[in-house]
Amino acid sequence: MRCMETKSPIQQIDCNLWIKREDLIPLSFGGNKARKAELFIEDFDKGDYDCIVTYGSSSSNHCRVVANIASSRNIKCIIISPEEERKTTYNSILINMFGAEVRYVPLSMVHTFIEKTLVGLKDEGYKPYFIQGGGHGRLGTQAYVNCYDEIKSFEKEHSIFFDYIFFASGTGTTQAGLVAGQIINKDFDRNIIGISIARKNPRGKDIVVDSIKEYLGNDNLADLIQEKTIFIDSYINDGYGKESEEINHTIEEVMNKYCIPLDQTYTGKAFYGMECYLIENNIQNKNVLFIHTGGTPLFFDYLNTRNK
Ligand SMILES: *Cc1c(COP(=O)(O)O)cnc(C)c1O
């Protein structure tokens with residue numbers, strides 16, 4: 001692991017690096033959860049619903065975006081959250097400020113509690129709209145098929161082709177959308193590489209593959225989907241949200257030199273993983289696109305840890 005020998009892998013990289021700033025999507029600090037939420041709220045509007053239920057931890061970007069959309073439209077919002085990960089973060093403070101009702105339950109009971117909550121709300125006369133944690137599901141995938149189309153338009157406009165696309169992969173919905181877009185467009189000489197922020201293979205990859213299959217609904221594509229889903233679990237470190245010196249260094253370097261905030265859980269980890277991957281695989285003179293998937297409030301959580 002040559003990458004680990006130096007604190008500044010970015011200086012060893014010999015590629016053209018581009019960053020797609022999903023963090024600048026103009027809705028509640030942006031990010032991939034904002035892009036997904038736009039489709040969920042469209043769907044909410046189409047149906048006969050009057051409240052939203054979703055799931056996520058205290059540091060969830062997804063819950064912050066959903067709670068903010070709900071507050072802006074005066075929609076009741078209930079968030080089911082695992083007791084074990086209960087802590088105060090900028091996202092949890094924001095979620096509170098948006099007036100969402102957070103119900104904490106032990107992780108093992110989440111599934112049944114969600115069912116119970118939905119039934120309870122219906123009994124009270126509400127018409128709840130449920131969004132899976134992280135905006136997982138067909139609409140979340142659709143959001144990143146749309147993003148893939150945006151990338152294609154950008155390439156056309158600027159006469160460029162991205163040989164590699166890197167990003168943080170969590171529930172895998174972002175990756176599923178991008179790979180589905182690649183398959184729809186038959187862009188097979190491009191590598192789309194999800195850097196896992198928590199899940200190990202084979203499970204991590206399997207979930208992405210299943211999402212793509214569900215989205216494309218074509219059984220003949222199974223082998224192609226397997227081949228095109230590149231889910232790298234080598235840079236997880238100690239697990240979800242766990243910090244490391246390398247990631248902290250990456251966050252500070254990218255902010256100091258390029259004026260772009262990253263975070264410890266997602267983008268900092270993925271950026272560092274991308275650097276290592278490029279170096280370890282000796283990838284040179286390629287056009288590389290990093291998708292900045294958002295999470296700006298987590299950058300400020302990082303600053304708090306730094307001040308202690
Ligand atoms: C949720 C999240 C991810 C992971 O996206 P998935 O679609 O769940 O894989 C990556 N980056 C940020 C900042 C996120 O909030």
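1. Two strands pair if DSSP finds at least two bridges between them. Helices (H or I, at least four residues) and strands (E, at least two) are DSSP runs, numbered from the N terminus. This is a predicted model, with local features needing pLDDT of at least 70 and side-chain atom pairs pLDDT 80 or more, while totals for chains, interfaces and linings use all residues. Residues are numbered from 1 along each chain as its sequence is written, and side-chain values use heavy atoms, without hydrogens or water.

2. Start with the sheet. It is open and has five strands, in the order S1-S9-S6-S7-S8, with parallel pairing. S1 and S8 (230-232) are the edge strands, each pairing on one side only. Neighbouring strands are turned by 25° against each other on average, direction ignored. Helix H6 (residues 173-185) packs on this sheet and touches S6, S7, S8 and S9. The direction of H6 makes about 170° with that of S7. (Contact means heavy atoms within 4.5 Å; angles run from 0 to 180 degrees between N-to-C directions, with axes fitted to C-alpha atoms, for helices over the stretch in contact.)

3. What joins S9 to S1 and S6? Six bridges link S9 to S1 (residues 16-21), and the two strands run parallel. In this pairing, Lys20 has Ile291 of S9 as its bridge partner. On S6 (residues 164-169), three bridges make the link to S9, again parallel. There, Phe166 has Phe290 of S9 as its bridge partner.

4. Is S9 buried or exposed? Six of the six residues of S9 (residues 287-292) are buried, so the strand is largely enclosed by the rest of the structure. Buried means under 20% relative accessible area, exposed over 50%, partly exposed in between (1.4 Å probe, protein chains only). Both faces of S9 are covered. Asn287, Leu289 and Ile291 are buried on one side. Val288, Phe290 and His292 are buried on the other.

5. Now a helix pair. H5 (residues 138-158) packs against H7 (residues 203-216) at an angle of about 85°, with the axes 10 Å apart. H5 and H7 are therefore roughly perpendicular (under 35 degrees is roughly parallel, over 145 roughly antiparallel, 65 to 115 roughly perpendicular, the rest oblique). H5 contributes Arg138, Thr141, Gln142 and Val145 to the contact. From H7 come Ser211, Glu214 and Tyr215.

6. The peptide bond from Asn201 to Pro202 is cis, with omega near 5°. Pro202 sits in the loop between S7 (191-196) and H7.

7. Two residues deserve a look for their phi angles. Most residues other than glycine have a negative phi. Ser28 is not a glycine, yet its phi is positive, about 50°. Its place is the loop between S1 and helix H1 (32-46). Ser28 counts as buried because its relative accessibility is 13%. Asn285 has a positive phi too, about 55°, and is not a glycine either. Asn285 lies in the loop between helix H10 (267-280) and S9. Asn285 counts as exposed, at 63% relative accessibility.
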